[in-house]
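Then turn to the aromatic rings.

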Amino acid sequence: MLIKRPDDFVPSEITSRAVYEGRREFLRSAGLGAAAVLASSLLPARLARAATAPRFPGLVSSPYSTRDEKLTPFKNVTGYNNYYEFGYEKEDPPANAHRLKTHPWALTVDGLVAKPRTFSIEDLLRLAPMEERIYRMRCVEGWSMLIPWVGFPISALLKQVEPLGSARYVAFQTRLDKETMTGTRLPYLNWPYSEGLRLDEALHPLAILALGLYGDILPNQNGAPVRLVVPWKYGFKGAKSLVRITLTEKQPATAWNQSQPGEYGFYANVNPTVDHPRWSQAKERRLGEFQRRPTLMFNGYGDQVAQLYAGMDLRKNF
Ligand code: MTE
């Protein structure tokens with residue numbers, strides 16, 4: 001994130017909402033069963049993207065979605081990424097992340113829980129109805145997107161493992177594969193990339209694990225096969241390609257906080273009144289648009305999440 005200021009993204013051709021809604025209608029009306037989803041998840045991501053079968057039949061539209069803003073075109077969402085394991089320019093992850101093998105996959109949930117367990121992606125698909133969640137996403141670098149994720153609340157996963165009373169935090173660890181992730185050969189971050197939430201933040205209904213976007217399985221550059229999405233926090237909280245979720249008593253270390261504690265705090269709530277030490281956070285530029293827009297407190301989700309931080313000094317706990 002310290003690499004460069006994002007004034008250089010490509011104003012894209014627009015995928016109109018009408019085109020996308022037509023596609024969603026198609027996904028809903030095509031009556032393929034769960035077997036089709038599982039079969040499609042066996043495909044390498046590149047092949048899967050080219051196929052036309054719906055990935056998430058029965059996708060539920062979530063009341064938590066932000067509906068009054070224009071979706072960020074698919075091309076921007078999947079072509080302008082931060083995934084440093086696959087390179088340090090925005091175009092590197094789209095070019096290189098296809099090397100990551102995303103099936104089979106194991107996500108272990110352990111730590112302070114009564115029933116630690118390892119989940120396959122098929123297990124996750126069976127855990128809860130897959131929901132479309134259209135969320136505002138704000139990167140700490142100053143750009144933002146409106147992304148139609150496909151996922152389910154993390155709370156549904158945590159319920160399965162029965163958190164103990166002593167659990168207060170949730171640590172997220174991502175895949176580290178030195179063979180394919182050539183970016184990890186540099187000691188830029190403390191690999192594997194890690195993140196953390198307080199347990200009550202993770203249990204908030206807005207916090208989801210995403211397995212897809214735009215109705216399809218997640219492209220590798222966006223964190224396949226499963227990633228964290230926390231829409232009221234800066235994008236770096238959204239750890240990609242998760243392999244382990246551990247419930248802890250103490251606040252876990254996080255990759256960015258370890259590398260630059262003065263710039264990237266544990267909480268990372270979107271807050272236009274707290275500047276990054278090297279730039280203002282007051283405004284943002286939506287990918288595909290030219291005008292900057294004011295950044296909203298908690299990225300516009302304050303009504304839902306502000307009570308999580310009642311009594312906290314958000315200048316100190318940034
Ligand atoms: N997860 C991993 N494993 N590695 C990363 O480098 N980058 C983070 C986050 N998750 C990152 C990661 C940052 S800085 C951002 S802004 C978002 O992913 C970007 O997500 P997107 O590319 O899907 O928009």
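A polar contact here is a pair of N or O atoms within 3.5 Å; within protein, one must be able to donate a hydrogen and the other to accept it, and residues adjacent in sequence count only if both atoms are side-chain atoms. The model is predicted: local features need pLDDT of at least 70, side-chain atom pairs count only at pLDDT 80 or more, and totals for chains, interfaces and linings use all residues. Residues are numbered from 1 along each chain as its sequence is written, and side-chain values use heavy atoms, with hydrogens and water left out.

Lys240 places a side-chain N or O atom 2.7 Å from an oxygen atom of the ligand. Gly238 uses its backbone: an N or O atom there lies 2.8 Å from a ligand nitrogen atom. A polar side-chain atom of Asn222 is 3.0 Å from an oxygen atom of the ligand. On its own, the ligand has 530 Å² of accessible area (Shrake-Rupley method, 1.4 Å probe), and the protein covers 97% of this.

Now the rings. The whole structure holds 15 aromatic pairs (Phe, Tyr or Trp ring centres within 6.5 Å, the six-membered ring for Trp). Tyr84 and Trp256 have ring centres 5.7 Å apart and planes at 75°, so they pair edge-to-face (planes over 60 degrees apart). The two residues are 172 residues apart.

Key. Phe/Tyr/Trp six-rings, centres within 6.5 Å; stacked < 30°, edge-to-face > 60°. Helix = DSSP H or I, 4+ residues; strand = E, 2+ residues; numbered from the N terminus.
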